[in-house]
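Trainee: Could you walk me through this one? I have not looked at it before.

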Amino acid sequence: MILDIVEIGDPVLRRKAHKITQIDRDIRLLADDMLETLRDSGGVGLAAPQVGESIRMIVIEYPEDDSVENSPMKTYKVINPEIIWRSEETVVGSEGCLSIPGYVGNVERNESIKVKGLSVFGRPLKISASGWMARIFQHEIDHLEGICYIDRATEIFKPSENTETEAGSGAAEEPQVGSAAAVTTAEKAAPETSAEASKAQTVSEALAAVPETADTPAA
Ligand SMILES: [Zn+2]
């Protein structure tokens, strides 16, 4: 079943999500629905709060090797994910978010991480991720803490409307004029009010100088 994705401004996105203590059929069904919703949205990752469930579960689907065409997809459903190691090396890359349609931002992330968690059958998982995969995991695990990428972004911009985009950045295909206001208003309640306000002001300025965003998948 395809679920509704909540957007910025919904308080569930700002709540610290609850640890899952009982992994049952309902959890597995939700994981399946989240994956179906992710595929339908054309994104690469989805956290339970993004479908209105304040619990610690994420799903990720991304090509194993994004430098080749038709690479097999890697799919993860992780319960109670936790980053247990981060590389010192960091990289800045652009990110979008299915809950913040129409925008992307530059975010510094650890280049590699190790994540532990549980499978939907309660088995321990250990995942090593680097590059884009590491970025997606960090983005999704942030959602479980009530953190959105706009809190970390050094720059937020709206991809130019005539840019041909891949499925991943579906958000860019439907520019939403009202979103600038939505982002600023929604973030007024967040702690970093002044920082957010100034970031929001850079949105329009950044439009003129949009870097390559065509390959920015939303998560
Ligand atoms: Zn997101």
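Trainee: What order do the strands of the open sheet have?
Mentor: This is a predicted model, and in it the open sheet of 5 strands has the order S1-S2-S3-S6-S7, with antiparallel pairing.

Trainee: And which are the edge strands?
Mentor: They are strand S1, residues 45-47, and strand S7, residues 124-130, each of which pairs on one side only. On average, neighbouring strands of this sheet are turned by 40° against each other, if direction is ignored.

Trainee: How many bridges join S6 to S7?
Mentor: There are 7 bridges between strand S6, which covers residues 112-118, and S7, and the two run antiparallel. Across this pair, Ser 112 stands opposite Ser 130 in S7.

Trainee: Switching to helices, which strands does H1 lie across?
Mentor: Helix H1, residues 25-41, lies across S1, strand S2 (57-63) and strand S3 (73-86), and runs at about 40° to S2.

Trainee: What about H2, which strands does that one lie across?
Mentor: Helix H2, residues 131-144, lies across S1, S2, S3, S6 and S7, and its direction is at about 160° to S2.

Trainee: Now the inside: how many residues has the largest nonpolar core?
Mentor: That core has 47 residues, and those with the most contacts inside it are Met 34, Ile 58, Val 59, Ile 60 and Phe 137. Its largest share, 6 residues, comes from H2. In soluble globular proteins, nonpolar side chains tend to be buried together.

Trainee: Which residues is Met 34 in contact with, leaving aside its neighbours within four places in sequence?
Mentor: With those left aside, Met 34 is in contact with Leu 3, Leu 46, Ala 48, Val 51 and Val 59.

Note on methods. Residues numbered from 1 in each chain as written. Predicted model: local features only at pLDDT ≥ 70, side-chain atom pairs only at ≥ 80, totals over all residues. Pairing = 2+ DSSP bridges. Helix = DSSP H or I, 4+ residues; strand = E, 2+ residues; numbered from the N terminus. Axes fitted to C-alpha atoms, helices over the stretch in contact; angles between N-to-C directions. Contact = placed C-beta atoms within 7 Å. Core = buried A, V, L, I, M, F, W, Y, C linked by C-beta atoms within 7 Å. Buried ≥ 20, exposed ≤ 12 C-beta atoms within 10 Å, placed from the backbone.
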